[in-house]
Amino acid sequence: MSSLNASLASALSGLAAAQGALAATTNNVANINTPGYSRQVPILETGDPIVLDPLTFGTGVRLRTLESIRNPILESQIQQETQTQGELSALVSALAQTQSNFTSTSGDIGGAISKFFDSMNQLSTSPSDLSLRRNVLTAAGNVATSFNLASGHLIAQRTNLDQGVEQAVGEINQLTGQIAQLNGQIAILENAGESAGTFLDQRSQLINRLSSLVDVSVIPSDNTITLTTASGTALVAGQQNFSLSTGTGPSGVQHIFAQNSDITATIVSGQLGGILAARDQQIPGIAVQLDTLAAGLANAVNQVQTAGYDLNGNPATGVNLFNPPPASLDGAAANLTVAITDPALIAASADGTPGSNSNAEAMYALRKQALIAGQSASDYYSTIVFNIGNSVANSTAQQEASSLVLQQLNNQRSAVSGVSLDEEAANLMRFQQAYAASAKVIAAISSLMEVVINMKS
Amino acid sequence: MAPLPPNPPEPWRTAPFELSRLYLQLLRELADRVESSTQAVVSGDVARLEAGTAEQCRLWQKIVSLPPEPGHGADPAWPPEVVDAQQRLLHLGRVQRALLRRSQQCLRAVCNLLAGPHSGYAPMAGEAGVELHPAGKEG
């Protein structure tokens, strides 16, 4: 037969279990507004029974663990979406900056080209007028300056993005170090059969932050996880983290290395992926178009200029208006300059006769001629600006779509892992009553013991 | 937003102000429907998405049936509030397109998964650039 002491122990176990469950409920309520917190549920189980033939007596209850409620598939989806969000955010930010550089009035290439052709049109009305000739040189200088400015902005933006790469890599290393450390703590607790819910939440939050920076794959194993990039480069394995490093690559920009191997081209998502896409694809693409435009315009103007005659009736052979751009077009926009300073050298005449304006008219006619890729200079420039605007609009829409999906996933996560005050209030009363009932049982056993003690005396 | 009258009164056909007002009302209603459909795509509510798409088609038919604004030709100079509504609709359309494209990718992955281990990850028949072959015929 079970003794009073055994009943007392059983009641005490109920008291301890209710106390533990109350602690979990209190912790849930306290963390209702903590981002990434997963509610904890006390898992109770009956104590091992004692068999005293022919009867079997229970030994009370024990709190096996406090289980954090989380959905691994949902967590994985959130991490994936966070990567997309990080990538698009970086891309939109970079493209919007490029767009503002192209639409600002200070570096308006389209306006400068129009004014240059207008000045040429005015010159054709009075080709001997030196002030009109000076206006042409000024307008040509403005065209060159606007190209130089736009190109300079792109170079400066690439430099800023390059710094962003270093900064992101630094943050990645810091986060992987923290995750590796948490992996160790989680492994110790779980190996000892303890609940590591709080550390799991912290690790999940850190992985989310890491996901916003770089494309991460999470590979769970016994009591720990391995993190790699999407292409398989190890970032964290158990309690060890593998730092990334940066170094100047052959093109003069920062490349990313993992254990001496260049992984720059394999990073396609997260903030780092977005920065790299803007730095290595979008901006160089725009720079090439700008170089093509600058070279196409300069070559076309030079071709007409060198076929004419200057104010003194001398042939302008070899006297370019713009310094000829390189054949490779590389740096054509950045280095575009006006080649002449003497306004008399502008070849307005086609035949050398005084007052002839045929060549000035031919230069003005370039305004509507297809000079670059079947388009006039102004149209080609408009296409560049339109494409940038279109990229910004599409990327912004994609970012918004990603935000909506992420919000939906976070709502789903909250439904699974979030704290419900109603549920916790009910739990609080349930466990409070269980605690009170256990206390009453102890009081009853105490009085029974008192009776027994008094009987002996 | 108040529902549109089933048949607009005749005088608006010759009044630019009335035309702009009606156009603006239709644009705003269409934008609201697209926004609602966006939420339906995110929450995976196919019935709501289908209903929203049908309503969008109806509104679009109304918009395209409007005559060009008198005196402005094919590219009318709309008032600023109409331009704002056009921009909003364009942006919402882009967001919707991005969401639908993502959904399509998910569906493609699920289809490939359900197709079994013998199927590859090549584009499905019927997609752009992939010819449909009649059943039972090879090549």
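Predicted model: local features only at pLDDT ≥ 70, side-chain atom pairs only at ≥ 80, totals over all residues.

Analyst: After H3(B) comes Gly116(B), whose phi is positive, near 100 degrees.

User: Which residues of H3(B) are buried, and what makes a residue count as buried?

Analyst: A residue is called buried if 20 or more other C-beta atoms lie within 10 Å of its own. In H3(B) that label goes to Ala85(B), Leu89(B), Leu92(B), Val95(B), Gln96(B), Ala98(B) and Leu99(B). For chain B as a whole, buried residues make up 17% of its 139 residues.

User: What pattern does chain B follow along the sequence?

Analyst: The pattern is α-α-α, in keeping with a count of three helices and zero strands in chain B. Among the contacts in chain B with a separation of 6 or more, 64% are between residues 24 or more positions apart.

User: Why is Thr396(A) called partly exposed?

Analyst: Thr396(A) has 19 other C-beta atoms within 10 Å. Because a residue is buried at 20 or more and exposed at 12 or fewer, the value of 19 leaves Thr396(A) partly exposed. Thr396(A) belongs to helix H8 of chain A, and its C-alpha atom is separated by 22 Å from that of Ala168(A), 228 residues apart along the chain.

User: Why is H6(A) described as roughly antiparallel to H8(A)?

Analyst: The axes of helix H6 (residues 270–306) and helix H8 (residues 377–417), both of chain A, come within 10 Å and cross at roughly 170 degrees. Since angles over 145 degrees count as roughly antiparallel, the crossing makes H6(A) roughly antiparallel to H8(A).

User: Which residues meet where H6(A) and H8(A) are in contact, and how do they divide by class?

Analyst: From H6(A) come Gln282(A), Ile286(A), Gln289(A), Leu290(A), Leu293(A), Gly296(A) and Leu297(A), and they meet Ala377(A), Tyr380(A), Tyr381(A), Ile384(A), Ile388(A) and Ser391(A) of H8(A). By class, this contact holds nine nonpolar, four polar and no charged residues.

User: What makes strands S5 and S8 of chain A edge strands?

Analyst: Four strands of chain A form an open sheet in the order S5-S6-S7-S8, with antiparallel pairing. Strand S5 (216–221) and strand S8 (240–241) each pair on one side only, and they are the edge strands. Helix H4 (residues 130–191) of chain A packs on this sheet, where it touches S6, strand S7 (234–237) and S8, and its direction makes about 160 degrees with that of S6(A).

User: Where do residues with a positive phi occur in the hairpins?

Analyst: The hairpin of S6(A) and S7(A) has four residues between the strands, and in it Gly232(A) takes a positive phi near 100 degrees. In the hairpin of S7(A) and S8(A), with two residues between the strands, Gly238(A) takes a positive phi near 60 degrees.

User: Why do S9(A) and S11(A) stand at the edges?

Analyst: Three strands of chain A form an open sheet in the order S9-S10-S11, with antiparallel pairing. Strand S9 (244–248) and strand S11 (261–262) of chain A each have a single partner strand, so one side of each is left without a neighbour in the sheet. S9(A) pairs with strand S10 (residues 254–258) of chain A over five bridges, and Gly247(A) stands opposite His255(A) in S10(A). H4(A) packs on this sheet as well, touching S9 and S10 of chain A, and its direction makes about 160 degrees with that of S9(A).

Notes. Residues numbered from 1 in each chain as written. Chains lettered and ligands numbered in written order. Pairing = 2+ DSSP bridges. Contact = placed C-beta atoms within 7 Å. Axes fitted to C-alpha atoms, helices over the stretch in contact; angles between N-to-C directions. Parallel < 35°, antiparallel > 145°, perpendicular 65-115°, else oblique. Nonpolar A, V, L, I, M, F, W, Y, C, P; charged D, E, K, R; others polar.
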